[in-house]
Amino acid sequence: MTLSQSEFAFVSTLVRKEASIVLAPGKEYLVEARLIPVARSVGAANVNEFLAELQRRPDPAHQRKIIDALTTNETSWFRDREPFAALTDVVLPELVKSRSAARKVRVWSAASSSGQEAYSLAITLQETLPGGWSYEIMGTDISTEMVKRAETAEYSQVEVNRGLPASQLVQYFERAGAHWRITSQLRKNVSFRLMNLTAPLPSMQPFDVIFLRNVLIYFDVATKRTVLQNAAKLLRPDGWLFLGAAETTIGIDDNYERVAAGRTSAYRVRTGVPVGASRRG
Amino acid sequence: MTPMRAMVIDDSRAMRMILKRIVTKLNFDAVEAGDGQEALDLLADMTEVPELALIDWNMPNMNGLEFVTNVRADPRLREMTLVMVTTESEQSQIVRALAAGAHEYVIKPFTEGAMIEKLALLGLVPTGANS
C-alpha cells in the first residue's frame, strides 16, 4: 500500500491549512506510516480507505487526528527514559542471573519506526551486560520505508539532538556526511524486518524482553488482545513486556500480570498459564 | 520555588534571545553574556553561582571551550552545569568539549524540545516537561 499523489496532496493541503506545516513531496512514506494507526483507530481497513472516506465526507474529528499524527515530534532516543532505566537496574541484572548458561539476551522493539528505540536498546545492553555476553535486538515495523530507514541507521543533526547524551553520540555514532550513522559495532547486533503485529506472526526464537510501546493505543480492544496474545507467544515464560505509559494489559488480556520495574511497570506472563492461552473469566 | 539561574553565553543576540526564552519558560532567571570573558567577569561579581550555562563555541575574546576550561579550574564554579550550544558538529570537537568538562552538547540548529530534553537528561527540568 502506498499513497497516491492525489491522496498525498489531500493530506498535505489539510495539514498546511490547519497546522501551517508543509509536507514536502517525498514524505509519502512518513505520512503513510503516521496515518496507519489513525486509520485503524477509526475502523478503516487501511489508509487509502480512510482517506477516500474522508474526502467523500469531511469529518473534523478525523481531520484533527491526521493533524495530530503528522505534527507529533519525531522519536527521541531513550524515549520516556524510565523503561530503559528499568532495563539497566532491574531486568538485565535478573537476566544475567537466569541466562548465565547461554549468556545471551534477545530483545524485540515492536513497531520500531525509524529505529531510535532499537538502537537505544542496543546502547543500553552494550553498556549494561557483562563482558562475554551477547545480545540481539530485533526491530519490526509495518512500513517498508521505516524498516529501510532503520536499517540505514543514519540520523540527521536534529534527530541526534533528541534525548541522546553527547557522550553516547560520540561513542556509538560516526559522521556520515551531514548525518550521523550508528557504528557497525552496534549495528551488527540489531536487525529489522517487516511485520504486521495484528496478523499471525512468523515463528521466531522467543525474546527475553519486548518493547511494545505506544502501539496498543491505536487499536480497538479486540485487536489489542490479538497483539498481546501474539506477543505472549514470542515472550520467554520469565520474560518482560514493556508497554507505553498510557497502555495496559489489564481488562484486555489477563494472561499478563503487571509488576513493578524500577520506577515504572512491566508485564509478565502469569505462571501456570500456557503461553498464548486465552483465559476467560 | 526559587528560580534557578542560567547564563546564556553567545555572541549572537538573536541566539541569546532564543535560549533565554527557552530557559525562562523552564523557570530559570537568565543572565546574558556576549563572550566567555564577559561571562567570567559577570561570574566574578556574583555571590550565587548560576546552576546552568549554555555556551556557544565560536565567540570573540574568549571562546566557549576556553570558558569551560576556566570554569572547571575554579572550585567556586564547580556546581555549574555546562552545556555547549554550537554549530561545531565534528565528532572530535564534541569529544574535546566533553573532555574539557562540558556536561552536554547541543548542536545548532536545535528545536526547543531537543534543548528541554537535554536539560532533562541533566536533571535540570522534569522529564517530559515538553510533552
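## Exercises on a predicted model

In chain A, take the contacts between residues at least 6 apart in sequence: 74% join residues at least 24 apart. Contact here means C-beta atoms, placed from the backbone, within 7 Å. This is a predicted model: local features need pLDDT of at least 70, side-chain atom pairs count only at pLDDT 80 or more, and totals for chains, interfaces and linings use all residues. Residues are numbered from 1 along each chain as its sequence is written.

**Exercise 1.** Check the radius of gyration of chain A against the globule rule.

*Solution.*
- The rule is 2.2 Å times the number of residues to the power 0.38, and the radius is taken over C-alpha atoms.
- For 281 residues, a compact globule would have a radius near 19 Å.
- Chain A has 19 Å, so it agrees.

**Exercise 2.** Find the buried residues of helix H3 (residues 47-56) of chain A and say where they lie.

*Solution.*
- Buried means 20 or more other C-beta atoms within 10 Å of a residue's own.
- A:Val47, A:Phe50, A:Leu51 and A:Leu54 are buried.
- Down the axis of H3(A), they fall within an arc of 90 degrees, so they line one face of the helix.
- An α-helix has 3.6 residues a turn, so residues three or four places apart point the same way.

**Exercise 3.** Describe the packing of H2 (residues 36-45) and H3 (residues 64-72) in chain B.

*Solution.*
- The axes lie 9 Å apart, at an angle of about 30 degrees.
- That makes H2(B) roughly parallel to H3(B), the class for angles under 35 degrees.
- B:Gly36, B:Ala39 and B:Leu40 of H2(B) meet B:Gly64, B:Glu66, B:Phe67 and B:Asn70 of H3(B).

Terms used. Chains are lettered from A and ligands numbered from 1 in the order in which they are written. Axes are lines fitted to C-alpha atoms, for helices over the stretch in contact, and angles run from 0 to 180 degrees between N-to-C directions. Helices (H or I, at least four residues) and strands (E, at least two) are DSSP runs, numbered from the N terminus. Angles under 35 degrees count as roughly parallel, over 145 as roughly antiparallel, 65 to 115 as roughly perpendicular and the rest as oblique. Two residues are in contact if their C-beta atoms, placed from the backbone, lie within 7 Å. A residue is buried if 20 or more other C-beta atoms lie within 10 Å of its own, exposed if 12 or fewer, and partly exposed in between; C-beta atoms are placed from the backbone. The arc is that of the directions from the helix axis to the C-beta atoms.
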